[in-house]
Amino acid sequence: MKFFALFAVAILALSVSADSLELREEHNKNYLEHNIKEASNDFAIFFERFYEYFNKFFLQFFKGFIEHFGQFIPTQLTEAFMEIFKKFPAFDKVFTKEFIYAIGEFFNAFYTFFMPHQFFTFIENTFKSFPSFTEFLPKEFFPTLGKFLEHVPYCREFLQQWYMIMQQLTAHGRQL
């Protein structure tokens with residue numbers, strides 16, 4: 001009888017301690033989630049400050065570079081590069097339309113200065129005269145490869161997703 005009485009007391013003590021253990025685990029879980037959110041927020045703030053610092057540092061470096069070597073670089077390129085820095089994206093807004101347009105203008109200025117029209121036409125015609133890679137392959141190569149990849153599990157899933165996306169895009173293109 002003493003054994004059953006001690007056994008009942010032990011089970012009661014174990015259930016009480018297990019209940020407090022569950023509360024402690026729940027508290028630790030909430031504390032851990034809070035710490036992870038706080039650490040990610042701190043990292044975002046740090047990265048934003050680093051991004052702004054790097055942006056300012058690179059701008060000052062470029063201005064110093066232009067002061068020393070600006071006479072050797074055409075003004076169209078320096079103006080186009082400064083336009084990129086004026087439109088440089090902030091940490092929260094990456095790849096704005098103005099920034100993409102400024103990069104396009106920079107490459108246009110770069111192209112017009114370093115590749116005159118006649119020279120570029122000569123290079124383009126030279127590359128067009130070379131045979132392409134697909135001309136060396138038999139006509140059945142790509143359909144056969146596609147039929148083979150339909151039997152490979154990971155490739156099959158990828159191809160199904162790709163076909164679905166392409167069908168949606170082509171349907172959207174037809175509406176335009």
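**Labels and their grounds**

Tutor: F50 has its place in helix α1, where a helix is a DSSP run of H or I of at least four residues, a strand is a run of E of at least two, and numbering starts from the N terminus. Residues are numbered from 1 along each chain as its sequence is written, and side-chain values use heavy atoms, with hydrogens and water left out. The model is predicted, with local features needing pLDDT of at least 70 and side-chain atom pairs pLDDT 80 or more, while totals for chains, interfaces and linings use all residues.

Student: Why is F50 called partly exposed?

Tutor: Buried means under 20% relative accessible area and exposed means over 50%, with partly exposed in between (1.4 Å probe, protein chains only). The relative accessibility of F50 is 43%, so F50 counts as partly exposed.

Student: What makes N55 buried?

Tutor: N55, which is in helix α1 (residues 2–69), has a relative accessibility of 16% and therefore counts as buried. Residues up to four places away in sequence aside, N55 touches F85 and F88, a contact being heavy atoms within 4.5 Å.

Student: How many helices and strands does the chain have, and what share of its residues is buried?

Tutor: The chain has 6 helices and 0 strands, which gives the pattern α-α-α-α-α-α along the sequence. Of its 176 residues, 9% are buried.

Student: Which residues form the largest nonpolar core, and what makes a set of residues a core?

Tutor: A nonpolar core is a set of buried Ala, Val, Leu, Ile, Met, Phe, Trp, Tyr and Cys residues joined through side-chain atoms within 4.5 Å. The largest one has 10 residues, namely F62, L77, A80, F81, I84, F85, F99, A102, F106 and A109. Helices α2 (75–86) and α3 (97–114) each supply at least two residues of this core, and the largest share, 5 residues, comes from α2. In soluble globular proteins, nonpolar side chains tend to be buried together.

Student: Why is the pair of F81 and F106 called edge-to-face?

Tutor: Rings of Phe, Tyr and Trp (its six-membered ring) pair if their centres lie within 6.5 Å, and planes under 30 degrees apart count as stacked, over 60 as edge-to-face and the rest as tilted. The structure holds 14 aromatic pairs. In the pair of F81 and F106, the ring centres are 5.6 Å apart and the planes stand at 65°, so the pair is edge-to-face. Because F81 lies in helix α2 and F106 in helix α3, the pair ties together parts that are 25 residues apart in sequence. Both F81 and F106 are buried.

Student: How do you know that E83 and K87 form a salt bridge?

Tutor: A salt bridge is a side-chain nitrogen of Lys or Arg within 4 Å of a carboxyl oxygen of Asp or Glu. The closest N and O atoms of E83 and K87 are 3.8 Å apart, and the two form a salt bridge; a search of the whole structure finds 1 salt bridge. E83, at 30% relative accessibility, counts as partly exposed, and K87, with a relative accessible area of 32%, is also partly exposed. Apart from neighbours within four places in sequence, A102 is in contact with E83, I84 and K87.
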